[in-house]
Amino acid sequence: MTITAARVITTCPGRNFVTLKLETRGGLTGVGDATLNGRELSVASYLVDHIVPLLIGRDAHRVEDTWQYLYKGAYWRRGPVTMSAIAAVDMALWDLKAKAAGLPLYQLLGGACRENVMVYGHANGVTVEETVAEAKRYADLGYRAIRLQSGVPGLASTYGVSKTFGYYEPADAALPTENLWSSEKYLRSVAPLFEAARETLGWDVHLLHDIHHRLTPMEAGRLGKDLEPYRPFWLEDPTPAENQAAFRQIRQHTTTPIAVGEIFNTIWDCKQLIEEQLIDYIRATVVHAGGITHLRRIAALADLYGVRTGCHGATDLSPVSMAAALHFDLSVPNFGIQEYMRHTAETDAVFPHAYSFADGALHPGEAPGLGVDIDEALAAEHPYRPAYLPVNRLEDGSMHSW
Ligand code: EZ4
Ligand code: CO
């Protein structure tokens with residue numbers, strides 16, 4: 001199964017996506033997602049300028065060897081640009097291998113471990129009332145798990161809050177939007193949100209929350225403790241995770257489960273958090289953590305320590321990544337939950353796919369391979385548009401984590 005052509009397609013059906021498409025001599029094609037939100041063209045260049053020349057003529061069946069070749073062979077290891085580029089190749093090779101076998105990819109990964117993949121949706125609003133009303137709409141759609149993000153009284157805007165039901169795109173401007181942040185104001189706002197949500201939604205639905213890397217370990221410990229009465233499913237990204245040892249402090253203060261890892265690139269970013277059992281869910285994704293090959297290795301390490309998976313699934317991960325994540329989720333023994341921000345109809349049209357939603361869960365479908373493709377003619381009608389993620393400053397002007 002010799003690779004004869006490799007194209008990198010950058011398209012913006014409402015938001016930017018970078019996709020790698022491989023062709024083989026026998027006429028099969030495979031796709032991989034290479035989208036790195038706000039830094040898209042760097043991965044496109046890494047692929048076009050430095051990886052595509054290495055792929056032409058290779059045997060597409062050699063998934064592991066190709067992974068090792070691109071990782072060890074670059075000399076410069078790790079990092080989001082390198083690992084997203086390797087991930088795109090890895091996804092496309094698995095897609096090809098499964099198509100060659102005539103099987104949906106999850107069958108090659110050991111087969112289904114469960115009937116379907118529980119997902120969580122994003123409920124948000126400017127006020128507690130709006131957010132809880134949104135959460136109710138998700139519950140009525142059948143969701144069994146819902147993330148709650150609300151505006152913070154006294155702050156003009158914050159992470160995770162949009163006005164449009166079901167859709168939120170933080171990379172919203174040609175130059176970064178500036179947000180103002182106060183951890184004190186934020187910390188006062190979260191427990192009342194969870195209290196109101198439990199009153200309206202009851203206790204049969206999982207409730208989640210994303211701190212988005214903004215607190216100190218002590219602040220995160222206090223928030224975790226404040227939320228314990230409402231039994232959150234998880235608190236996500238409490239502090240910036242470069243300092244993995246900092247999570248020891250959070251653990252000493254709260255029993256609220258912790259989820260980390262959407263910006264991790266390799267197993268090395270996860271190692272200490274998993275081995276010391278400092279987290280409950282690992283959020284590394286197929287696209288930013290080196291593809292299906294590497295994510296399975298991370299999941300296997302996590303399984304040794306009772307850590308479950310909770311893959312990132314924001315809309316900046318294309319439907320190609322979502323399909324890959326679902327095959328992974330269905331087949332990995334220590335699956336926990338999958339994030340699911342629905343893509344817009346515009347995006348779905350460019351990426352026709354076999355996965356489907358029912359009863360609060362997704363299933364990857366039974367199409368051979370990943371079960372997703374890119375309509376290149378339609379993609380060409382949506383040219384790339386520069387879009388940055390926002391930045392965050394404290395009220396005195398200091399830069400803070402966004
Ligand atoms: O802000 O994917 O849990 N989900 C998230 C996302 C991230 C975006 C950044 O590109 O934190 O919304
Ligand atoms: Co997050």
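Student: How do the residues of the shell around ligand 1 divide into nonpolar, polar and charged?

Tutor: This is a predicted model, in which local features need pLDDT of at least 70, side-chain atom pairs count only at pLDDT 80 or more, and totals for chains, interfaces and linings use all residues. Residues are numbered from 1 along each chain as written, chains are lettered from A and ligands numbered from 1 in written order, and side-chain values use heavy atoms, without hydrogens and water. Ala, Val, Leu, Ile, Met, Phe, Trp, Tyr, Cys and Pro count as nonpolar, Asp, Glu, Lys and Arg as charged, and the others, Gly among them, as polar. The shell then divides into 4 nonpolar, 3 polar and 7 charged.

Student: Which of the 14 residues around ligand 1 come nearest?

Tutor: A residue is near a molecule or strand if one of its heavy atoms lies within 4 Å of it. Of the 14 around ligand 1, those that come nearest are Asn37, Tyr159, His212, Glu262 and Asp316.

Student: How far is an oxygen atom of ligand 1 from an N or O atom in the side chain of Glu236?

Tutor: A polar side-chain atom of Glu339 lies 3.1 Å from an oxygen atom of ligand 1, and for an N or O atom in the side chain of Arg283 the distance to a ligand oxygen is 3.1 Å. For Glu236, the distance from its side-chain N or O atom to an oxygen of ligand 1 is 2.9 Å.

Student: What is the order of the open sheet of 3 strands?

Tutor: Strands here are DSSP runs (E, at least two residues), numbered from the N terminus, and two of them pair if DSSP finds at least two bridges between them. Strand β6 (residues 178-181) and strand β15 (residues 391-394) run parallel, joined by 4 bridges. β15 runs antiparallel to strand β16 (residues 399-400), with 2 bridges. The pairing is mixed, and the order is β6-β15-β16.

Student: Which are the edge strands?

Tutor: The open sheet has the order β6-β15-β16. An edge strand pairs on one side only, and these are β6 and β16.

How values were computed:
Polar contact = N/O pair within 3.5 Å; in protein donor to acceptor, adjacent residues only side chain to side chain.
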